[in-house]
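Here are my notes on this model, as numbered points. Please read them with the structure open.

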Amino acid sequence: PVVLGIESSCDETGVGLVRHGRLLGQALASSMDEHARFGGVVPEIAARAHLHALTPVVRRALDEAGLRLSDVGAVAVTTGPGLAGALQVGLAGAKALAYSLGVPLHGVHHLAGHVAADTLEHGPLPDPCVVLIVSGGHTSLLLVRDLARDPIVHLGDTLDDAAGECFDKVARAFGLPYPGGPAIDRAARAGDPRAVPLPRPLPGSYDFSFSGLKTAAARWAEAHAGRALPVADGAASLQEAVADVLTRKAVAACRAHGVATLVVVGGVAANSRVRALAEERCQAAGITLRVPPLRLCTDNGAMIAAVGDLLVRAGAAPAPLDVSIDPSAPLEYAALHPVAAP
Ligand code: ATP
Ligand code: MG
Ligand code: FE
């Protein structure tokens with residue numbers, strides 16, 4: 001069946017259509033511009049924007065796929081983690097669609113969506129694989145087996161800030177526009193990655209810490225008060241430190257667990273230096289690297305449909321129509337109702 005996926009956990013309203021591992025069409029609306037002047041996502045504005053965007057985005061995704069609503073055989077939706085109001089809008093829309101079409105509803109963990117995004121480009125994930133999730137709110141190193149069935153093993157997590165948060169906050173300290181990650185990436189092109197000595201926290205652990213790095217970069221910027229800030233050098237140095245820490249630990253985890261494939265997903269996987277260094281280090285270690293294309297790295301509906309498609313094909317039980325959001329859902333399983341739930 002065709003699975004329609006809805007993502008609304010933050011500032012992106014995404015809808016995707018997937019059938020048997022294949023992306024048929026997707027559409028996206030973003031309220032990013034409305035948040036820019038506040039320097040971060042405003043939850044109430046995001047929720048309202050989802051409400052306005054959802055129906056037209058569903059329509060656009062169907063048009064792109066050349067499908068009609070009556071072709072949809074299942075609905076998948078992000079139930080968490082994310083902003084409560086934003087999640088509520090997506091879930092209410094998904095329930096209405098599933099109920100009116102008489103098709104099953106599946107609740108999906110947002111981060112499992114980030115993982116599954118890669119399957120739309122590179123096919124089924126090998127079992128096992130190591131996954132590095134690097135996004136705006138999360139940084140985790142995972143051992144993933146069958147997404148539809150197996151529990152997800154956390155090898156390491158950030159103890160404080162997420163990698164994306166680090167980029168966003170340092171960008172602010174550097175006077176770069178929101179969102180900071182892409183701005184740092186662009187500014188770094190003209191910079192020297194060795195210009196600013198920055199720490200590489202928690203060596204030898206699979207856990208991450210980015211708050212010290214953030215503070216060190218901000219202090220360096222403050223020390224230039226009244227003088228021109230060499231933003232390109234600061235951006236290149238920060239990007240190098242983050243990419244170094246992320247890729248070193250991810251490759252070490254693959255080696256330690258005898259895993260042949262590393263998958264890097266989430267918004268920060270769009271970073272050019274993270275991608276290049278991961279490629280370099282995986283090649284040296286004989287590890288296959290998989291990174292989704294840029295448009296599938298940041299939030300989108302296709303990735304939620306991809307998890308739904310895996311669930312449907314594995315025979316997962318649908319979610320009841322009174323299922324709730326969980327704004328702080330821990331990543332234990334990809335779905336609210338995995339196939340072999342205990
Ligand atoms: P989460 O998935 O943890 O709930 P999120 O959905 O907000 O958080 P994503 O949409 O996956 O996160 O990613 C957004 C993050 O990715 C932001 O922090 C943004 O700055 C960062 N990002 C996007 N592009 C780049 C880039 N080229 N370099 C570095 N960071 C980037
Ligand atoms: Mg976003
Ligand atoms: Fe995300």
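1. UniProt, in an unreviewed entry, lists residues 23-305 as "domain: Gcp-like". UniProt positions follow the numbering used here, feature names are shortened, and annotations may be inferred rather than shown by experiment. Over residues 23-305 the chain is 49% helix and 17% strand. The end C-alpha atoms of that stretch are 9 Å apart. Helices (H or I, at least four residues) and strands (E, at least two) are DSSP runs, numbered from the N terminus.

2. Ground rules. This is a predicted model: local features need pLDDT of at least 70, side-chain atom pairs count only at pLDDT 80 or more, and totals for chains, interfaces and linings use all residues. Residues are numbered from 1 along each chain as its sequence is written, while chains are lettered from A and ligands numbered from 1 in the order in which they are written.

3. The ligand shell. Ligand 1 is surrounded by 25 residues; the closest are Gly136, Gly137, Gly164, Gly181 and Gly267. A residue is near a molecule if its C-beta atom, placed from the backbone, lies within 6 Å of it. Helices H4 (110-117), H6 (163-173) and H7 (180-188) each supply at least two shell residues. H7 gives the most, with 5 residues.

4. The shell divides into 7 nonpolar, 15 polar and 3 charged residues. Ala, Val, Leu, Ile, Met, Phe, Trp, Tyr, Cys and Pro count as nonpolar; Asp, Glu, Lys and Arg count as charged; the others, Gly among them, are polar.

5. The annotated site. The unreviewed UniProt entry marks a "binding site" that includes Ser135, Gly137, Asp168, Gly181 and Asn271. Ser135 is in the loop between strand E6 (129-134) and strand E7 (139-144). Gly137 is in the loop between E6 and E7.

6. Buried or exposed: what is Ser135? Ser135 is buried, because 24 other C-beta atoms lie within 10 Å. Gly137 has 18 such neighbours, so Gly137 is partly exposed. The cut-offs are 20 or more other C-beta atoms within 10 Å for buried, 12 or fewer for exposed, and in between for partly exposed, with C-beta atoms placed from the backbone.

7. Contacts. Contact means C-beta atoms, placed from the backbone, within 7 Å. Leaving out residues up to four places away in sequence, Ser135 touches His114, Ala162, Gly164, Gly266, Gly267 and Val268. On that basis, Gly137 is in contact with Ala162 and Glu165.

8. Helix H9. H9 is mostly covered, with 19 of its 27 residues buried. Just after H9, Gly258 takes a positive phi of about 60 degrees.

Technical notes. Two residues are in contact if their C-beta atoms, placed from the backbone, lie within 7 Å.
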